[in-house]
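Dear colleague,

I am handing over the structure that follows, together with an account of what was found in it. Please read the notes with the model open beside them.

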Amino acid sequence: MTDMATQRFNTFNPADEPGAVASRAPAARSGVVDNAAQPIGVVLEIAGSGSQVALDVQRLNECADDLDPSIALAGQVGSQVKIKTSEGWLLASVRNQRQDRRESGGILANIDFMGEGREEKLTGKIHGFRRGVTRYPIPGALVFPATTEDLRQIYASDGRSAIQVGTVYPTNDIRAGLYVDAMLGKHFALLGSTGTGKSTSVALILHRICESAPQGHVVMIDPHGEYSAAFRNTGVIYDVGNLQMPYWLMNFEEHCEVFVTTSGDDRQEDADILAKCLLKARSKNRLAESLGKITVDSPVPYLLSDLTNMIQDEAGKLDKASSSAPYMRLKTKIDEIKGDPRYQFMFSGMLVGDTMADFIGKIFRMPSNGKPIAIIDVSGVPSDITSTVVAVLSRMVFDFAVWGREEKTRPILLVCEEAHRYVPNEKNADGSSVGRILSRIAKEGRKYGISLGLITQRPSDLAEGVLSQCGTILSMRLNNDRDQAFVKAAMPEGARGFLDSIPALRNRECIICGEGVAIPIRVSFDNLEEAKRPASEDPSFTELWRVSGGEEDRVERTVQRWRAQGK
Ligand SMILES: Nc1ncnc2c1ncn2[C@@H]1O[C@H](COP(=O)(O)OP(=O)(O)OP(=O)(O)O)[C@@H](O)[C@H]1O
Ligand SMILES: [Mg+2]
């Protein structure tokens with residue numbers, strides 16, 4: 001006897017089961033068999049969040065031809081099925097399939113329960129769907145395909161404010177929504193191998209957020225200068241040409257990253273000298289008098305020339321036996337940076353005025369003046385200080401929120417592309433300040449109204465713990481095993497069935513789970529209009545290699561720009 005036979009599965013008559021008459025698209029009903037009303041399998045075993053079912057191959061084949069795409073996929077890995085209980089319906093996703101060795105034509109599958117809904121008496125529709133399971137089915141309960149109509153009920157918004165980003169797989173018309181407050185309230189991460197559509201999806205999500213919240217405050221760190229094209233109209237673009245980030249905003253640690261070049265014992269010595277002279281230089285500001293006590297970290301303007309003079313003076317006080325080398329090292333480095341045109345966006349003599357409030361206002365979009373996004377294009381920043389620049393910006397967001405608690409300042413969303421560069425795991429850690437501040441925002445930001453959006457193609461290279469601080473995870477296709485394992489560990493248990501499909505997702509498709517959605521969903525992102533896409537278009541070699549003309553001029557202009565270094 002097989003499992004199927006013991007359950008009298010084949011002799012089951014849908015008329016015996018009033019609940020089986022689930023509603024569905026009329027087009028599909030014209031088929032010979034009403035697939036939605038016929039079971040495709042039976043529950044064998046129940047255990048906690050998942051259980052085992054037996055599926056009938058013949059029924060699956062019949063369903064495969066159904067016009068309703070949800071029914072056509074029924075029983076496949078990643079698809080949804082529903083199970084009749086005495087109260088209503090349970091919804092589950094199929095995690096895996098394997099052959100039932102004891103019976104030809106039998107398939108065993110593990111399923112994960114996602115939630116439950118009541119049955120509307122007259123129509124048999126699912127309604128009042130909720131996450132989680134209060135009453136499990138008993139072995140022998142029948143398994144049915146979930147129809148598009150069922151999914152529509154299940155994925156219907158529960159009334160919270162949501163943005164729509166795409167359609168729910170496998171249907172082609174059910175809209176997929178993200179609950180904005182829940183998603184931003186507990187950070188989010190968007191992951192995916194290169195070329196799967198991360199940047200475009202982030203642009204899509206941010207566009208939708210801005211449409212629904214035109215007075216928002218979004219700061220986006222853009223390491224490749226891709227996003228300026230996407231946010232021409234809804235954002236303000238800052239790059240080395242117009243960022244004008246005053247150097248004196250750096251705290252002591254960040255100063256050390258830029259000015260101290262040595263390591264080991266020497267580094268400590270240099271840092272001590274820098275601390276002493278920096279405090280003196282800051283104290284010369286009129287502001288310092290009114291503030292009373294200031295520290296090396298206080299964002300009080302000072303003159304770079306004051307700093308180098310202090311260092312020189314200190315060196316002059318040395319007795320003959322001590323070496324002035326550390327003093328000279330510091331002074332040379334500071335002078336070098338001061339004179340280098342590539343560093344002018346930050347270390348220009350013009351930036352000495354007290355522009356802190358203006359700088360914060362413009363970067364955090366307060367007021368937003370209809371442009372709620374600030375794109376900070378750091379692609380032109382010399383690579384040795386990029387991470388410090390990102391650290392300063394992130395710390396500004398954090399400190400502003402901390403010091404603004406009394407004022408009830410508005411929440412800020414900080415989006416960080418290529419996050420693995422800035423918050424790397426232990427193996428790649430360089431102990432830089434940016435990793436520390438972003439980890440801190442991940443851990444504590446929520447309390448102060450900061451939301452973090454991390455985007456990366458290498459989740460396994462992210463610092464441990466950072467991913468699990470993200471309440472909502474949007475995972476596009478990940479090709480690498482290690483990355484997949486990382487994401488699985490950070491995702492909730494109930495999403496297992498979905499997780500197994502991560503390596504098989506198509507471009508532009510994504511599994512979303514966590515706070516931002518009622519239950520895990522597989523989404524196919526909307527097509528984003530060309531004008532709103534980031535400039536990350538893959539070049540067409542065959543097209544570009546067919547046309548000619550203007551090469552010399554182009555090379556000439558490139559060389560000029562290269563030499564002028566953005567000036
Ligand atoms: N929703 C979408 N609408 C229109 N085009 C899209 C969409 N998603 C992705 N694309 C296209 O797919 C290509 C790759 O997308 P994108 O640059 O966003 O990928 P990525 O994952 O950010 O890649 P990388 O890792 O290289 O940064 C682009 O040419 C983009 O135009
Ligand atoms: Mg990208």
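**Findings**

Ala 189 has Ile 473 as its bridge partner in strand E16. The strand that carries Ala 189 is E10. Strands E10 (residues 188-191) and E16 (residues 472-475) run parallel and are paired over 4 bridges; two strands pair if DSSP finds at least two bridges between them. Helices (H or I, at least four residues) and strands (E, at least two) are DSSP runs, numbered from the N terminus.

This is a predicted model, in which local features need pLDDT of at least 70 and side-chain atom pairs count only at pLDDT 80 or more, while totals for chains, interfaces and linings use all residues. Residues are numbered from 1 along each chain as its sequence is written, and chains are lettered from A and ligands numbered from 1 in the order in which they are written.

**The chain as a whole**

The chain holds 21 helices and 18 strands. Its C-alpha trace spans about 100 × 60 × 45 Å along the principal axes. Of its 567 residues, 45% count as buried; a residue is buried if 20 or more other C-beta atoms lie within 10 Å of its own, exposed if 12 or fewer, and partly exposed in between, with C-beta atoms placed from the backbone. Among contacts between residues at least 6 apart in sequence, 69% join residues at least 24 apart, a contact being two C-beta atoms, placed from the backbone, within 7 Å.

Strand E11 (residues 218-222) is mostly covered, with 5 of its 5 residues buried. In a regular strand the side chains alternate between the two faces of the sheet. In E11, Val 218, Met 220 and Asp 222 are buried on one side, and Val 219 and Ile 221 are buried on the other. E11 pairs with strand E13 (residues 373-377) in the parallel sense over 5 bridges, and Met 220 stands opposite Ile 375 there. Strand E14 (residues 412-416) also runs parallel to E11, joined to it by 4 bridges; Cys 416 in E14 is the bridge partner of Ile 221.

**Helix packing**

Which residues of helix H18 (residues 481-490) are buried? They are Asp 483, Gln 484, Phe 486, Val 487 and Ala 490. These residues lie on the same side of H18 because they cover an arc of only 160° around the axis, the arc being that of the directions from the helix axis to the C-beta atoms. Asp 481, Arg 482 and Ala 489 are exposed on the other side of H18. The buried residues of H18 pack against E10 and E16, the pair described at the outset.

Helices H9 (residues 264-283) and H11 (residues 304-316) pack at an angle of about 125°, and their axes are 9 Å apart. That angle makes H9 oblique to H11: angles under 35 degrees count as roughly parallel, over 145 as roughly antiparallel, 65 to 115 as roughly perpendicular and the rest as oblique. The crossing is right-handed, that is, the near helix is turned clockwise from the far one by less than a right angle. Ile 273, Cys 277, Leu 278, Lys 280 and Ala 281 in H9 meet Asp 306, Leu 307, Met 310, Ile 311 and Glu 314 in H11.

**Backbone points to inspect**

Most residues other than glycine have a negative phi, and most peptide bonds are trans. A cis peptide bond joins Tyr 169 and Pro 170, with omega about 0°; Pro 170 lies in the loop between strand E8 (162-168) and E9. The bond from Met 366 to Pro 367 is also cis, with omega near 0°, and Pro 367 lies in the loop between helix H14 (356-363) and E13.

His 187 has a positive phi, near 65°, and is found in the loop between helix H6 (180-185) and E10. His 187 counts as buried because it has 27 C-beta neighbours inside 10 Å. Glu 418 has a positive phi too, near 50°, and is placed in the loop between E14 and helix H16 (419-422). With 16 other C-beta atoms within 10 Å, Glu 418 is partly exposed.

With kind regards

Definitions and conventions
Axes fitted to C-alpha atoms, helices over the stretch in contact; angles between N-to-C directions.
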